[in-house]
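The sequence and the structure are shown below.

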Amino acid sequence: GGLLAGGTREPSSDTVVFDPARGQAVRLGSRGSPPRSHHDAAPVGGRWLCVVGGWDGSRRLATVTALDTERGVWEAWTATPGDCPPTGLSSHTCTRISDRELQVAGREGGIHTQRRYGSIYTLRLDPSARTYCYKQEGCHIASRSGHCAALLQTPGPHPGHQLLLFGGCNLAEPEVARHWSHGKIKEEPPVAPHLMEQLARLVSSGQGSQKGPHGLRHHSCSVVGPFAVLFGGETLTRARDTICNDLYIYDTRTSPPLWFHFPCADRGMKRVGHRTCLWNDQLYLVGGFGEDGRTASPQVCILDFLI
């Protein structure tokens, strides 16, 4: 999905698979591919790609649609009795906690119906039955749209986990949306040891700060071990030249965590509405609009370090 040009309201229904090993992108002719933009997605069970919410060209949704990668078809999953869905979701985040639980965070509804705060929902999934159920958590968050979320370990001898939200409003500090004590979330082995080492070397050459980027939205965020890596986005602090190409690294190894800022001199790398994806110990940059905020970028880039 996504938008193929700035200013359009009609989202794409294309399903595209990119093979990093071959450097090839292939459009799948999968049945039932839904038009979506401003959505989020999470892999479940090593088989399904669950797309949550988003804009379908006429309204904001809170439904779950999944690509079954074994069968190559899209499936509309069914809400169970007792489901209490959001009013409608767009530019929200959807974070995988387990194969049966996602955390959904963001603002509900359209511009004229939005509340002055954001909401947190636990989205429970049953892949075998193709069903889902929303449960609204009692806590509220700052009203955010176009933010990013990161599930990171807390420091200490018995680390737990916390869900942090970055940007999407006029705040510089990340917000702790949820917290889990030690042992509540299954530990996953590091998937990018070489990239973690490169990031550690990079931040050791910089000057850390407790203050992060202010008023950033529609940026990307990927978790690499103890680091949250943010790139690009649109800043709310300037009237002109609002599309960014800055790299920010949030280092949780220290208490309090520190921010490291690395500007990019290449204006051609300015991006908004893009994604970064971690694969095979490398960080890939995919999609998004360029410096004018209207022209979609066909490039796929890899984060490289000249240390």
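The model discussed here is predicted. Thr 276 belongs to strand β21, which runs over residues 275-279.

With neighbours within four places in sequence left aside, Thr 276 is in contact with Ser 220, Cys 221 and Ser 222, and also with Leu 283, Tyr 284 and Leu 285. With one of these residues, Ser 222, there is a polar contact between side chains, at 2.8 Å. Thr 276 and Ala 21 are 255 residues apart along the chain, and their C-alpha atoms are separated by 17 Å.

## The loop between β21 and β22

Asp 281 is located in the loop between β21 and β22, the latter covering residues 282-286. Its phi is near 70 degrees, a positive value in a residue other than glycine. Asp 281 has 19% relative accessibility and therefore counts as buried, since the class takes in values under 20%.

## The loop between β18 and β19

Two residues are described in this part of the chain. Asp 241 is found in the loop between β18 and β19, and Thr 242 lies in the loop between β18 (234-235) and β19 (247-251). Asp 241 is not a glycine, yet it has a positive phi of about 50 degrees.

Thr 242, by contrast, is buried, with a relative accessible area of 17%. Beyond its neighbours within four places in sequence, Thr 242 is in contact with Gly 233, Glu 234 and Thr 235.

Pro 256 has its place in the loop between β19 and β20, where β20 covers residues 258-262.

## Ser 145

Ser 145 is situated in the loop between β11 (131-142) and β12 (148-153). Is this residue buried or exposed? Ser 145 is buried, because its relative accessible area is 16%.

When residues up to four places away in sequence are not counted, Ser 145 touches Ser 90, Ser 91, Arg 107, Gly 168 and Arg 217.

## The chain as a whole

The C-alpha trace spans about 50 × 45 × 45 Å along its principal axes.

Of the 307 residues, 49% are buried. When contacts between residues at least 6 apart in sequence are considered, 51% of them join residues at least 24 apart.

## Surface and charge

The protein chain exposes about 15500 Å², and carbon and sulfur atoms supply 51% of that area. What charged side chains does the protein chain have? There are 32 positive and 28 negative side chains, and the centres of the two sets lie 4 Å apart.

Definitions and conventions:
Residues are numbered from 1 along each chain as its sequence is written. This is a predicted model: local features need pLDDT of at least 70, side-chain atom pairs count only at pLDDT 80 or more; totals for chains, interfaces and linings use all residues. Side-chain values use heavy atoms; hydrogens and water are left out. Buried means under 20% relative accessible area, exposed over 50%, partly exposed in between (1.4 Å probe, protein chains only). Contact means heavy atoms within 4.5 Å. Accessible areas come from the Shrake-Rupley method with a 1.4 Å probe; for residues, only the protein chains shown count as cover. Lys and Arg count as positive and Asp and Glu as negative; His and the chain ends are not counted. The place of a charge is taken as NZ of Lys, CZ of Arg, CG of Asp or CD of Glu. Helices (H or I, at least four residues) and strands (E, at least two) are DSSP runs, numbered from the N terminus. A polar contact is a pair of N or O atoms within 3.5 Å; within protein, one must be able to donate a hydrogen and the other to accept it, and residues adjacent in sequence count only if both atoms are side-chain atoms.
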